[in-house]
Amino acid sequence: DPNGSHRALSAASIMAQEKSNPMRSIRIQKLCLNICVGESGDRLTRAAKVLESLTGQQPVFSKARYTVRSFGIRRNEKISVHCTVRGPKAEEILDRGLKVREYELPKGGFSTMGNFGFGIQEHIDLGIKYDPSVGIYGMDFYVVLERPGFGINKRRRATSTIGPQHRVTREESLKWFQQKYDGILINSKKKKSKVVRRRR
């Protein structure tokens, strides 16, 4: 069928064009690291020291939006600390984090916008020396992916939107993770919803 062969050729040419076109390459825009302590005070200060020693940057404190009495959290109380890393440093820290997870991530950790996140339980697994005065903290990693040209919606002059064909999709980020890190994707376990029956 000539039409079928033409479609196959056009699909192959599109794939070849994507490989050769540098504007289609996917890269890490930023890596967000977060430690949520759930209370202000000495534990939060020590968590900030952990992030500072890992990134070499000054971390930022986050405040609670609501008062939750069951957790003992007050509104506007500092409860967590986070840091945003870019460039080669972000790639290095992400590689260390993925090594802890043995390059295995659940598919449910990837969003429709092509970003993904995961967590580790002990920060000392990243190669940071254990300090008894600091303790052990868990940490959240969140990776934002982009393509060249994503800055058009942030610039001052001639601001524009990113076209739908240029955005990073969930399937593309899954493929990028598998190719760049030889990553393994695990199917997320679905939580069974409990059916509560009321007595009449």
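Student: How many strands form the open sheet, and in what order?

Tutor: This is a predicted model, where local features need pLDDT of at least 70, side-chain atom pairs count only at pLDDT 80 or more, and totals for chains, interfaces and linings use all residues. Residues are numbered from 1 along each chain as its sequence is written, and side-chain values use heavy atoms, with hydrogens and water left out. Now the general idea. Strands (E, at least two residues) and helices (H or I, at least four) are DSSP runs, numbered from the N terminus. Two strands pair if DSSP finds at least two bridges between them. Here, 5 strands form an open sheet, ordered β2-β3-β1-β6-β5, with antiparallel pairing.

Student: Which strands are at the edges?

Tutor: β2 (60-63) and β5 are the edge strands, and each pairs on one side only. On average, neighbouring strands of this sheet are turned by 25° against each other, direction ignored.

Student: How many bridges join β5 to β6?

Tutor: There are 5 bridges between these antiparallel strands. In one of them, isoleucine 120 has methionine 139 of β6 as its bridge partner.

Student: Which helix packs on the sheet?

Tutor: Two ideas come before the case. Contact means heavy atoms within 4.5 Å. Axes are lines fitted to C-alpha atoms, for helices over the stretch in contact, and angles run from 0 to 180 degrees between N-to-C directions. Helix α2 (residues 42-55) packs on the sheet and touches β1 (27-36), β2, β3 (78-85) and β6. The direction of α2 makes about 5° with that of β3.

Student: How many aromatic pairs are there?

Tutor: Rings of Phe, Tyr and Trp (its six-membered ring) pair if their centres lie within 6.5 Å; planes under 30 degrees apart count as stacked, over 60 as edge-to-face and the rest as tilted. By this rule there are 8 aromatic pairs. One of them is stacked: tyrosine 103 with tyrosine 181, at 6.4 Å centre to centre and 25° between the planes. Tyrosine 103 lies in the loop between α3 (88-100) and β4 (104-106) and tyrosine 181 in helix α4 (residues 170-181), so the pair ties together parts 78 residues apart in sequence.

Student: Is tyrosine 181 buried or exposed?

Tutor: Buried means under 20% relative accessible area, exposed over 50%, partly exposed in between (1.4 Å probe, protein chains only). Tyrosine 181 is buried, at 11% relative accessibility. Tyrosine 103 is partly exposed, at 21%.

Student: What sits over the ring of tyrosine 181?

Tutor: A charge sits over a ring if NZ of Lys or CZ of Arg is within 6 Å of the ring centre and within 35 degrees of the ring normal. For tyrosine 181, the charged end of lysine 180 does so, 5.8 Å from the ring centre.

Student: Which residues form the aromatic cluster?

Tutor: One cluster is formed by Tyr103, Phe110, Phe116, Trp176, Phe177 and Tyr181. Phenylalanine 116 is buried, at 0% relative accessibility. Tryptophan 176 is also buried, at 11%.

Student: Where is arginine 147, and is it buried or exposed?

Tutor: Arginine 147 is in the loop between β6 (139-146) and α4. At 2% relative accessibility, arginine 147 is buried.

Student: Which side chain makes a polar contact with that of arginine 147?

Tutor: A polar contact is a pair of N or O atoms within 3.5 Å; within protein, one must be able to donate a hydrogen and the other to accept it, and residues adjacent in sequence count only if both atoms are side-chain atoms. The side chain of glutamate 172 is the partner, at 3.0 Å. A polar side-chain atom of arginine 147 also lies 2.9 Å from the backbone oxygen of arginine 24.
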